[in-house]
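Subject: Handing over a structure

Dear colleague,

I am passing on the structure that you will find just below, and after it I set out what was found. Please keep it open while you read, so that you can look up each residue as it is named.

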Amino acid sequence: MQAVHAVVDRVRTNLFIGGEWRSGSDGAAIDVVDPATEKVIASVASATVDDGLEAVAIAEAAGKDWARRAPRDRAELLRRVFESMLDEADWLATLIALENGKTMADARSEVAYAAEFFRWFSEEAVRNIGSVSYAPAGGSRIVVMHQPIGVSLLVTPWNFPAAMATRKIAPALAAGCSVILKPASETPLTALAIGQLLERAGVPQGVVNVLPTRKTALFVRTLLNDDRVRKLSFTGSTEVGRVLLREAAESVVDCSMELGGNAPFIVYADADIDAAVEGAMIAKMRNGGQACTAANRFYVHRDVAEVFTERFTKAMADLVVGPGTEAGVDVGPLINGAAKEAMIETVERGLDAGASLTTGGAYDGVGYFYRPTVLRDVPADAPFLNSEIFGPVAPIVTFGPDDDVIALANDTEYGLAAYVYTRDLSRALRVSEALDYGMVGINRGIVSDPAAPFGGAKQSGVGREGGHIGMLEFTESKYVSVGWDSADA
């Protein structure tokens with residue numbers, strides 16, 4: 001416990017507003033719980049609506065100067081934060097493991113991934129390139145520039161508390177915007193720690209503000225209805241995303257939404273089964289299955305279903321479950337008791353539909369643990385396959401040559417990520433085009449990359465994060481019509 005205090009005590013647990021660390025205006029606090037022990041490890045200040053509105057005013061004023069800063073200046077600051085995150089990788093990873101529950105290996109991977117957004121967008125900050133063209137009708141030039149959109153509200157989830165924050169903060173700062181970060185109440189410590197690193201790197205006062213709050217709905221709704229807030233970037237469930245889109249419509253706030261997923265993982269008969277199992281373990285068990293890109297439905301050709309299920313079951317059964325901070329642990333706890341109950345219900349629904357359990361099931365005792373679980377012989381029309389499984393449960397559906405596996409994979413309102421395993425490159429490309437998803441991994445169990453546009457189709461989101469387009473999401477395109485033709489030229 002002493003080691004826990006040493007890590008947590010380094011975090012400033014007040015609100016970060018206008019370059020100052022202060023208590024919330026009503027003195028309320030949020031208790032942060034370690035999901036492995038169910039014990040409170042810290043309390044952080046909870047922002048009120050008034051705190052949020054003050055942050056908006058400060059961010060608007062600070063944003064004007066920040067937008068005028070030379071792109072190279074913004075780039076250098078982002079680069080310093082990247083380096084600082086790497087220097088503090090052990091501290092940040094331990095914080096993530098404590099408040100989120102993921103293993104230290106997963107947490108270290110997240111820190112490296114999260115830091116990379118600062119490096120990538122430090123490079124993109126100097127590449128906000130517009131265009132000049134001759135008007136087709138003649139007589140003028142068409143000049144297009146990309147200007148900072150303005151005060152941006154960033155709302156992030158608990159499953160990747162570092163990466164989801166940096167994936168939004170870095171492009172916003174690169175574009176010249178000021179931000180208000182509202183992290184998840186379950187995992188505010190990591191966001192506050194990143195705020196400290198930004199402060200250390202020299203971010204101007206008011207350009208970045210970090211406000212945890214336990215009054216999330218009222219807080220976000222109020223800020224969205226403030227005409228000084230011009231951008232909402234949200235990562236979370238589709239259900240909440242729909243609500244926020246309706247709220248944002250009232251003030252016509254520009255929105256980027258990264259929402260839920262229901263990723264299919266397709267294994268064709270010609271696939272390299274060992275590679276498919278390895279990819280399945282990554283796609284399913286990254287962060288214990290608590291990822292929007294997690295493989296949710298495994299469609300395996302009947303010619304290889306038996307061998308795939310056998311090897312996949314063994315790999316899942318061999319995983320060590322325990323507190324994420326302990327050495328040798330492969331799978332940490334779920335985020336809370338509700339998440340554990342959801343896994344219990346999911347497995348019950350699978351068994352009721354006719355599936356059988358090959359490994360896993362509930363885990364008794366302290367902590368929100370659930371064993372890695374495989375369900376085989378799942379009917380393709382089982383109702384529970386329509387829901388996002390946010391945990392370590394893997395249902396396997398067998399398909400044959402007469403089955404339209406593409407139709408099965410696309411039969412969902414979600415469209416974030418999909419995975420395909422086959423040795424036939426032509427088939428892989430055809431299937432990738434036919435899958436109604438924003439991202440497809442071919443013979444890979446992970447698709448996330450700061451240099452690539454991350455986002456989904458259908459009800460999995462609006463807009464893209466990462467890549468060059470990630471910065472443009474925080475800009476407005478302005479067209480200027482210029483007449484510089486002259487008979488005297």
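**Salt bridges and their surroundings**

R423 is exposed, as its relative accessible area is 58%. Please keep in mind throughout that this is a predicted model. The side chain of R423 meets that of D272 in a salt bridge, with 4.0 Å from N to O, and this pair joins distant parts of the chain, since the two residues are 151 residues apart. R423 sits in the loop between strand 17 (417-421) and helix 14 (425-434), whereas D272 belongs to the loop between strand 12 (263-267) and helix 10 (273-285). With a relative accessibility of 34%, D272 counts as partly exposed, because the value lies between the limits of 20% for buried and 50% for exposed.

Which residue forms a salt bridge with E88? The partner is R200, and the closest N and O atoms of the two are 3.3 Å apart. Here too distant parts of the chain are linked, for E88 lies in the loop between helix 3 (71-87) and helix 4 (89-100), while R200 lies in helix 7 (residues 188-201), 112 residues apart. E88 is buried, at a relative accessible area of 13%, whereas R200 counts as exposed, at 52% relative accessibility.

Another salt bridge is formed by D274 and R311, whose closest N and O atoms are 2.8 Å apart. This pair links helix 10, which holds D274, to helix 11 (residues 305-317), which holds R311, and the two residues are 37 residues apart. R311 counts as partly exposed, with a relative accessibility of 37%. Salt bridges with shared partners also join R167, K168, E258 and E465 into one network, and a search of the whole structure finds 24 salt bridges.

**The sheet and the helices on it**

**A pair of packed helices**

Two packed helices are described by the angle between their axes and the distance between the axes. For helix 2 (residues 49-68) and helix 8 (residues 216-224), the angle is about 35 degrees and the axes are 9 Å apart, and helix 2 passes helix 8 in a right-handed crossing. Which residues make the contact? On helix 2 they are V49, G52, L53 and V56, and on helix 8 they are L218, F219, T222 and L223. Sorted by class, this contact has six nonpolar and two polar residues, and no charged residues.

With kind regards

Note on methods:
Residues numbered from 1 in each chain as written. Predicted model: local features only at pLDDT ≥ 70, side-chain atom pairs only at ≥ 80, totals over all residues. Heavy atoms only, no water. Helix = DSSP H or I, 4+ residues; strand = E, 2+ residues; numbered from the N terminus. Buried < 20%, exposed > 50% of the residue type's maximum accessible area, 1.4 Å probe, protein only. Axes fitted to C-alpha atoms, helices over the stretch in contact; angles between N-to-C directions. Left-handed = near helix turned anticlockwise from the far one by under 90°. Contact = heavy atoms within 4.5 Å. Nonpolar A, V, L, I, M, F, W, Y, C, P; charged D, E, K, R; others polar.
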